[in-house]
Amino acid sequence: MNVAVVDVGSNTIRLLVAARSGRGLVCAARGKRVVGLGADVERLGVVSAPKLAEAADCLHAFVAIARAAEAELIDVVVASPGRQARNADQLVHTLSRAGGVPVRVLSRDEEARLAFDGALAHVRPLGAVAVCDVGGGSTQLAVGTIAGGAAWARSVDLGSLRLSARIPVGDPPSKNDLATLRAEAREALARVTPPLPREAIAVGGTARALRKLVGRTLGPEQLKEALRLLRRDSAEALAARHGIDEWRVRALPAGASLVVEVQRLLGVPLEVGRGGLREGLALELLDRTPLRQAGGAR
């Protein structure tokens, strides 16, 4: 059975259509559109009318792709924009009408737990593991085990896009720019005290971009090198050299600053993982609806 997940985030809206396989999930279709709802929320406190229309158009197209891929179930979730925008109800209503499907807002704990489940779909850690997801509007952190799931989860309302909008920096950013970003990230995480894990996984767009800069392991030295590269070259040059979207590179000083502070809290290097929120949602759909395979419910 194929299921579909549409994740409405602060930077992007993403689609995953997947089915269960012996190793977790097999992807049938994907989609991504950069919409940037979080920049509106940080600047205006609301999602503007043009962004509402753009998000609605995107969801309509993604639902059509999901149905063409024979998805039996479609789950549309709104991440941090649904928790942070003053007109979140309008956003949910607009999306639901555009897609013809129910739309729900994820809580902070749900988002952290689902990212944890999705990350562990592709790995088998031996002990306590932390999963960090630096998104556009918030940062999720969960710690647990593969047998027991996420036993501890926290989310802070600061992600790469919100931090970039809050503290504009140069292109390339200066050393002082990065110090200011790190100070803001550290303040946001000041009350977060995670259990110390044996290993850690980083998921999401910021982590994937950092992997292209410095490799899969994000320890203190690798993150120091990432910040050095960000200071050295323009966003356009880094995007061309490393195959990263330029909009992502422009948010990367903020995203990397958050990853640096999370790594400092955890005390172990982060390994960039394959899965995340969407994979966690897909697994949850497949786990809780085994009897709908023959029913074609939507």
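Q: Which residues is Arg154 in contact with, leaving aside its neighbours within four places in sequence?
A: Arg154 is in contact with Ala112, Thr139, Gln140, Leu141 and Val192. Each counts as a contact because it has heavy atoms within 4.5 Å of Arg154. Please keep in mind that this is a predicted model.

Q: Why is Arg154 called partly exposed?
A: Its relative accessible area is 42%. Buried means under 20% and exposed over 50%, so Arg154, at 42%, falls in between. Arg154 sits in strand S8, and its C-alpha is 9.2 Å from that of Val143, 11 residues away in sequence.

Q: What lines the largest cavity?
A: Thr139, Leu141, Arg154, Ser155, Val156, Leu189 and Val192 do. Strands S7 (139–145) and S8 (149–156) each give two or more residues to this lining, and S8 has the largest share, with 3. By class, the lining divides into 4 nonpolar, 2 polar and 1 charged. The volume is about 30 Å³, and the structure holds 1 cavity of 30 Å³ or more.

Q: What makes this a cavity, while the space of about 840 Å³ is called a pocket?
A: The word cavity is used because a 1.4 Å probe fits inside but cannot get out, whereas a pocket is an open set of points. The largest pocket holds about 840 Å³ of space.

Q: Which residues lie nearest the centre of the largest pocket, and how many line it?
A: Arg14, Gly204, Gly205, Arg208 and Arg278 lie nearest the centre, and the lining has 45 residues. Strands S2 (12–21), S3 (24–34) and S6 (129–134) are among the elements that give two or more residues, as are helices H8 (205–214), H11 (246–266) and H12 (277–288). S3 gives the most, with 6 residues. The lining has 13 nonpolar, 18 polar and 14 charged residues.

Q: How do you know whether Arg278 is buried or exposed?
A: The relative accessible area of Arg278 is 12%. The cut-off for buried is under 20%, so Arg278 is buried. Arg278 is found in helix H12 and touches Val5, Asp7, Arg14, Leu16 and Arg208, not counting residues up to four places away in sequence.

Q: Why are the buried residues of H1 said to be on the same side?
A: The buried residues of H1 (residues 37–44) are Leu37, Gly38, Asp40 and Val41. They cover an arc of only 160° around the axis, which puts them on the same side of H1. They pack against strand S1 (2–8) and helices H2 (49–68), H3 (80–84), H4 (88–99) and H6 (160–166). Just after H1, Gly45 takes a positive phi of about 85°.

Q: What comes after H8, and what is its phi?
A: Gly215 follows H8, with a positive phi near 105°. Within H8, the buried residues include Gly205, Thr206, Ala207, Ala209, Leu210 and Leu213.

Q: What makes the phi of Glu70 worth a look?
A: Most residues other than glycine have a negative phi. Glu70 is not a glycine, yet its phi is positive, about 65°. Glu70 lies in the loop between H2 and strand S4 (71–78). With a relative accessible area of 61%, over the 50% cut-off, Glu70 is called exposed.

Q: Why is the peptide bond between Asp171 and Pro172 pointed out?
A: Most peptide bonds are trans. The bond joining Asp171 and Pro172 is cis, with omega about 5°. Pro172 is found in the loop between H6 and helix H7 (175–188).

Q: How do you know that Cys58 is in no disulfide?
A: The structure holds 0 disulfides. For Cys58, the nearest cysteine sulfur is that of Cys27, 16 Å away.

Q: Are Cys58 and Cys132 buried or exposed?
A: Cys58 has a relative accessible area of 0% and Cys132 has 1%. Both values are under 20%, so both cysteines are buried.

Key
Residues numbered from 1 in each chain as written. Predicted model: local features only at pLDDT ≥ 70, side-chain atom pairs only at ≥ 80, totals over all residues. Heavy atoms only, no water. Buried < 20%, exposed > 50% of the residue type's maximum accessible area, 1.4 Å probe, protein only. Helix = DSSP H or I, 4+ residues; strand = E, 2+ residues; numbered from the N terminus. Arc of directions from axis to C-beta. 1 Å grid on protein atoms, 1.4 Å probe; cavity = no way out; pocket = protein on both sides within 12 Å on 5 of 7 lines; lining within 4 Å. Points joined across faces, edges and corners; volume = space filled by probe spheres on them. Nonpolar A, V, L, I, M, F, W, Y, C, P; charged D, E, K, R; others polar. Disulfide = S-S within 2.5 Å.
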